[in-house]
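Biologist: Before we discuss the ligand site, could you put the structure up and take me through the reasoning behind the terms you use for it?

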Amino acid sequence: MATLTLYHAAPSRSSVVHWILEEIGEPYDLHLLSLKKEDNRDTAYLAINPMGKVPALKHGDVVVTESAAICLYLADAFPQAGLTVPIGDPRRGVFLKWLFFGPSCLEPAMTDRAFKRAEAPPRAALGYGDYETTMDAVAKAVEPGPYLLGEQFSAADVVIGSTLRWGMLFKIVPERPEFLAYTGRLTERPAFKRAQQKDEQLAAA
Ligand SMILES: N[C@@H](CCC(=O)N[C@@H](CS)C(=O)NCC(=O)O)C(=O)O
């Protein structure tokens, strides 16, 4: 079986992939990088991810970057983990919508909230429209629970849940009851706890 290697810095956006790897349950290696020491700018790493960012995932000869893309890749590559919705299933539309909403709407809305632009772009020019609408859309989706797809926990929850959690930690996402209840359910998952515990140990080392 092809080896899975996560290029990881703890804690960082690669923690999202660390969590989904624990959910999948296949053996994997961690290749640790120190962002402080700028290991991510080394020529050897830039050959893996020319963006100089973590995470990157190597699976045999395949390299995937971008945390949400890696989550989808892993969910599809290991369908037995039950984290994907197969092509042909009508629920795949909603599944993909939330996987893409994370990096294309939720995260940019949060970043713009944290780092104000000199001139605010018009609503129509922003992929997320405006901050409040973005937060309302996510709150409405997670409120019924337990997960974005109802009873099925999926890769979309790893992406949206991680982003909300980080956003609340950094006070750029409001602690709405819907968000707290949803992330509370996610952080109770044994796979999340394993990844989190390992990350804490790595960060302390
Ligand atoms: N869109 C990328 C963003 C990755 C990203 O920004 N990673 C940060 C860590 S949280 C990083 O590598 N920063 C180091 C740097 O840019 O020098 C993804 O979701 O994978």
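Modeller: This is a predicted model, and I would begin with the lining of the largest pocket, which by class has 19 nonpolar, nine polar and four charged residues.

Biologist: Which residues of that lining lie nearest the centre of the pocket, and which element gives the largest share?

Modeller: The largest pocket is lined by 32 residues, and those nearest its centre are Ser12, Arg13, Ser67, Glu107 and Thr111. Two or more lining residues come from each of helix H3 (67-77), helix H4 (92-114) and helix H6 (155-169), with H4 giving the largest share, nine residues. The volume of this pocket is about 970 Å³.

Biologist: What makes you say where the ligand sits?

Modeller: A molecule sits in a pocket if more than half of its atoms lie within 2 Å of the grid points of that pocket, and the ligand is assigned to the largest pocket.

Biologist: What classes make up the shell around the ligand?

Modeller: The shell divides into three nonpolar, four polar and three charged residues; among the residues surrounding the ligand are Leu35, Asn40 and Glu66.

Definitions and conventions: Residues numbered from 1 in each chain as written. Predicted model: local features only at pLDDT ≥ 70, side-chain atom pairs only at ≥ 80, totals over all residues. Heavy atoms only, no water. Near = heavy atom within 4 Å. 1 Å grid on protein atoms, 1.4 Å probe; cavity = no way out; pocket = protein on both sides within 12 Å on 5 of 7 lines; lining within 4 Å. Nonpolar A, V, L, I, M, F, W, Y, C, P; charged D, E, K, R; others polar. Points joined across faces, edges and corners; volume = space filled by probe spheres on them. Helix = DSSP H or I, 4+ residues; strand = E, 2+ residues; numbered from the N terminus.
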